[in-house]
Amino acid sequence: MVSINLRVNGNAVTADVEPRTLLVSFLRERLGLTGTHVGCDTSQCGACVVLVDGLSTKSCTLLAVQADGREVITIEGLARNGALHPVQQAFHEHHALQCGFCTPGMVLSVVDLLSRTARPNEHEIREWLEGNFCRCTGYHNIVKAVADAATRPGAGHVG
Amino acid sequence: MSANATGIGASVRRREDFRFLTGCGRYTDDINQPGQAYAWFLRSPLPHARITAIDVAAASAMPGVVAIFTGADLAADGVGTLPCGFAPDGGPIKEPPYPALAEDRVRFVGDRIAVVIADSVAAARDAAERIDVIFEELPLVTSTLAARADGAPQLHDDAPGNLCFAWTIGDPAAVEKAFATADAVVSLDLVNNRKSPNAIEPRACIGEYDRARDRYTLTTTTQNPHVIRLLLAAFVLKIPEHKLRVVSPDVGGGFGSKIPHYGEEVVVTWAAKRVGRPVKWTAERSESFLCDTHGRDHVSHAELALAADGKFLGLKAKTVANLGAYLSTFGPLIPTYLYATLLSGQYALPAIHCEVEGVFTNTCPVDAERGAGRPEATFLLERIVDVAARALGKSPAEIRRRNLIARNAFPYQTPVALQYDSGDYEKVLDQALLLADWTGFAARREEARRRGKLRGIGLSAYIEACGLAPSNVAGAIGARAGLFEAAEVRVHPTGSVTVFTGSHSHGQSHDTTFAQVVADRLGIPMDNVEIVHGDTDAVPFGMGTYGSRSLAVGGSAIVKAMDKIIAKGRKIAAHALEAGENDIEFTDGAFTVIGTDKSIPFAQIALSAYVPHNYPLDELEPGLDEQAFYDPRNFTFPFGCHVCEVEIDPASGAVAVVGYTAIDDVGTVINPMIVEGQIHGGVCHGIGQALFEQAVYDEETGQLVTGSFADYAFPRADALPSLRIGHNVTPCPHNPLGAKGCGEAGAIAAPAAVINAVVDALAEYGITHVDMPATAERVWRLIRNAEPALAAQ
Ligand code: FES
Ligand code: FES
């Protein structure tokens, strides 16, 4: 067992974990943050994306011990005081989700994109999202939602 | 409430979004039961082998192991094999047993051999590695055609030649006559590529057993909880249905792969009682690739007979359909009645004959995948129509126009069993040509050529049969179940409403669309409507969601139940208003004496049904709660026309979709935003099939080569285009909503549109067909092979 200290959605978390525990398992099983999903076993689908120190990160690819000392934001930590984050709001308005399984990872990935590129064009959006798989939407409405989110204040920030 | 804001036809934003956007969804793997143990399945690493011994002693001694079970344990307990729900025309077909855990033989890589149940997934998995299985390898066959060859390895002793069934439809004599009088005959050999469905949520299930009530609960990622309850209770566990509850919570996409009843569901449910703990299993993606039912996998030969003016005279098709190693729940339905009955397409095609052989191979079982049979039919027909157009020197649009069923010809009886109820095919063809700027294509092609790109354009005019299905018809063709839908509308004393539907949403947005229908009909705010699905203890009954049936069949059942509510409400209102029942009308949420201002709002009628003080108790029961079962009178027939434009880089063979236009007629649209979303998703499935996706087995080793997202070309955001979408509306004449279904349209139309465009782009090389997926490598090879001939000209 290894002891780790990190912040998750603004809260301090201290825990003893087995060294082999993946960050995604730690979030889902130890912290009950089941909004972070697992869609593959080869680090491709992006269903598990969270923000680690602001960077979109596939939490199936990181060990929990590697998150020691870091700031982790999961989908549960994005809406503040009951108000959807601008990216969440844009996804809602543009019907950019159907089954919702890819959505948490997709949304957090987009927050990171918009923190780097304020007004991405369609090509840039599609390139950025190639590591976030969606089987339902065909991405059409996701691309529209991202372009719209980019026009909203605070879309590239958390909190 | 403003009826327009949320009524039928309004793009109401989805009510289910909030929970999915904030991480509050509740998918099966998010659920944990106190004291649960975890299952890990030992799967066959070999495609075909006899199991001569299984030794679990060392594995059982591993830390954390609760129990290990094999097929022998299930058999000893009388657990049945997985049933098949469809035999074309009632059979005969070969139905070899498909045990939940293999008994003495494995037949595909991934076939379940044993289950380890342990305190953690890791412990179960570690122990599974210590199970010692002695195999005697057997010769194998994975390819569809090879399975039928003389001397092919045999999968099942009672299915000689690996033949499950040989089935035909249509009139061969009429077809021969048509061919004898034809001015031209074109032919085409084509493959419909095997797909992995790849819902992003992997399958998962949790079995529980309540000793106090002697009752099981299965929570599972299914599209049809009541169907699973029926199959698991009645056929596999052989327990009364009331002893089993099936719950299907939020489900992360289905696309057909979550219709069938799977062995994992059997094992966790059965084992929960044996080990006295809840048992949970969640698939890893590699298991999804190996074991979620695959789709398509047809090899076909088609011939079309034509008159000199381009009129179609007859079509014949021969198809060999790969069913995989065993029959999945609806395996034999897909390549028969969901396929060949669609071969008339939108055309007045007087004679059709189709022969289908369903074959066993050492591959994952094949079942429904978005479109299920109808994409295969559309691909065959729309490809051969293009081949005919080219042979006769006609434009693809003109040859189609010449043969379309006229708008005044409905109902139209095809030679392959279906009676189309409505349509206006020429109108959507014109709409599509206009929106796609068909006439401007030549200039775009020229412009592309200057950039060194080959540009092509392709059409696909499709029809599908949805709204499954009139139960008597389903029974006559071999279904072993009814295909109605059930609903309950429960009005609460204060006038809010809970609707229980047998449909299931795994992305389709029932929570919004169905609430719109109810709010519109009852004249109450959507906020006063709750939609409940996915729990056999809560919902009266249901056949589930597939075949684009939810609104057309499930929605109609809700309407029927609401009609009963309104009828009862009129009686209550007539009593209260001292008027004749026939003088009461229900509009805008109130019961009114016609021609007067005497009126009672819906909520007040609800209250008097539950507080029946001034109430016709002699004639009417208190309460306002009605159920309905709706059995459709016919299938529904959505149709449309899609146009695709591609550009090909001749140096690399890479194909890019640079334009995609879809005009669809899905009947009355409740929520255009949601319908467009369904079309987008379907089209991208179809583009994926046409350009990228293929489940590949190595023919020598029987291994699934495309067993991960690193190997299987899942369509990504950067590989897909944005789409241009338009609608036409011809309401379905025989259901109360006029709805036809929209979930599969795109997947049905797109493959032919894309490949027709690819072939058009390559026509100058003399290339007349490209098999799917049209990968860069495949296209590059075709171009390289064609170049010498071209140079010689
Ligand atoms: S779960 Fe698929 S990338 Fe992490
Ligand atoms: S919304 Fe279902 S996978 Fe994206």
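Trainee: How many salt bridges does a search of the whole structure find over all chains?

Mentor: In this predicted model, the search finds 60 salt bridges over all chains.

Trainee: What makes Arg112(B) and Glu264(B) a salt bridge?

Mentor: The rule wants a side-chain nitrogen of Lys or Arg within 4 Å of a carboxyl oxygen of Asp or Glu. For Arg112(B) and Glu264(B) the N to O distance is 3.1 Å, so the pair qualifies. Arg112(B) sits in strand β5 (residues 112-118) of chain B and Glu264(B) in helix α8 (residues 263-275) of chain B, so the pair ties together parts that are 152 residues apart in sequence.

Trainee: On to the two chains. How many salt bridges does the rule find across the interface of chain A and chain B?

Mentor: Four. One of the salt bridges joins Arg135(A) to Glu693(B), with the closest N and O atoms 2.8 Å apart. The cut-off is 4 Å, so that pair passes too.

Trainee: How many residues does the contact take from each chain, and what area is buried?

Mentor: Chain A gives 45 residues and chain B gives 55. About 4000 Å² is buried between the chains, and carbon and sulfur atoms account for 56% of that. On the chain A side, His95(A), Phe133(A) and Arg135(A) lose the most area to chain B, together 20% of what that side buries. Arg135(A) is also the salt-bridge partner of Glu693(B).

Trainee: And how many residue pairs are in polar contact there?

Mentor: The count between chain A and chain B is 27, with both residues of a pair at pLDDT 80 or more. Four helices of chain A each give two or more residues to the side that touches chain B: α2 (86-93), α3 (103-116), α4 (122-128) and α5 (140-149). The largest share comes from α2(A), with four residues. By type, that side of chain A divides into 18 nonpolar, 17 polar and 10 charged residues.

Trainee: Now inside chain A. Which domains does the assignment give?

Mentor: Domain 1 covers 2-77 and domain 2 covers 86-149. Their centres, taken over C-alpha atoms, are 21 Å apart.

Trainee: How do you know that domain 1 and domain 2 of chain A are in contact?

Mentor: The test is heavy atoms within 4.5 Å. By that test, 18 residues of domain 1 of chain A are in contact with 15 residues of domain 2 of chain A. The area buried between these domains is about 1200 Å², with 63% from carbon and sulfur atoms. His37(A), Val49(A) and Ile75(A) lose the most on the domain 1 side, together 38% of what that side buries.

Trainee: What is the count of salt bridges between those two domains, and of residue pairs in polar contact?

Mentor: The salt bridge count is zero, while the rule finds six residue pairs in polar contact. Strands β3 (49-52) and β4 (55-58) of chain A each supply at least two residues of the domain 1 side. That side divides into nine nonpolar, eight polar and one charged.

Trainee: Which peptide bonds are called cis?

Mentor: Two examples come from chain B. Phe410(B) and Pro411(B) are joined by a cis bond with omega about -5 degrees, and the bond from Met772(B) to Pro773(B) is cis with omega near -5 degrees. Most peptide bonds are trans. Pro411(B) is in the loop between α11 (396-403) and β16 (412-413) of chain B, and Pro773(B) is in the loop between α19 (745-762) and α20 (776-792) of chain B.

Trainee: Last one: why are β4 and β6 of chain B said to stand at the edges?

Mentor: The open sheet has three strands in the order β4-β2-β6 (chain B), paired antiparallel. β4 (105-106) and β6 (132-137) each have a single partner strand, so one side of each is left without a neighbour in the sheet.

Trainee: How do you know that β2(B) and β6(B) pair?

Mentor: Pairing takes at least two bridges, and strand β2 (residues 49-55) of chain B has six with β6(B), in the antiparallel sense. For instance, Ile54(B) has Val133(B) as its bridge partner in β6(B).

Definitions and conventions:
Residues numbered from 1 in each chain as written. Chains lettered and ligands numbered in written order. Predicted model: local features only at pLDDT ≥ 70, side-chain atom pairs only at ≥ 80, totals over all residues. Heavy atoms only, no water. Domains from an automatic or database assignment. Buried area = accessible area lost by both parts, 1.4 Å probe. Polar contact = N/O pair within 3.5 Å; in protein donor to acceptor, adjacent residues only side chain to side chain. Nonpolar A, V, L, I, M, F, W, Y, C, P; charged D, E, K, R; others polar.
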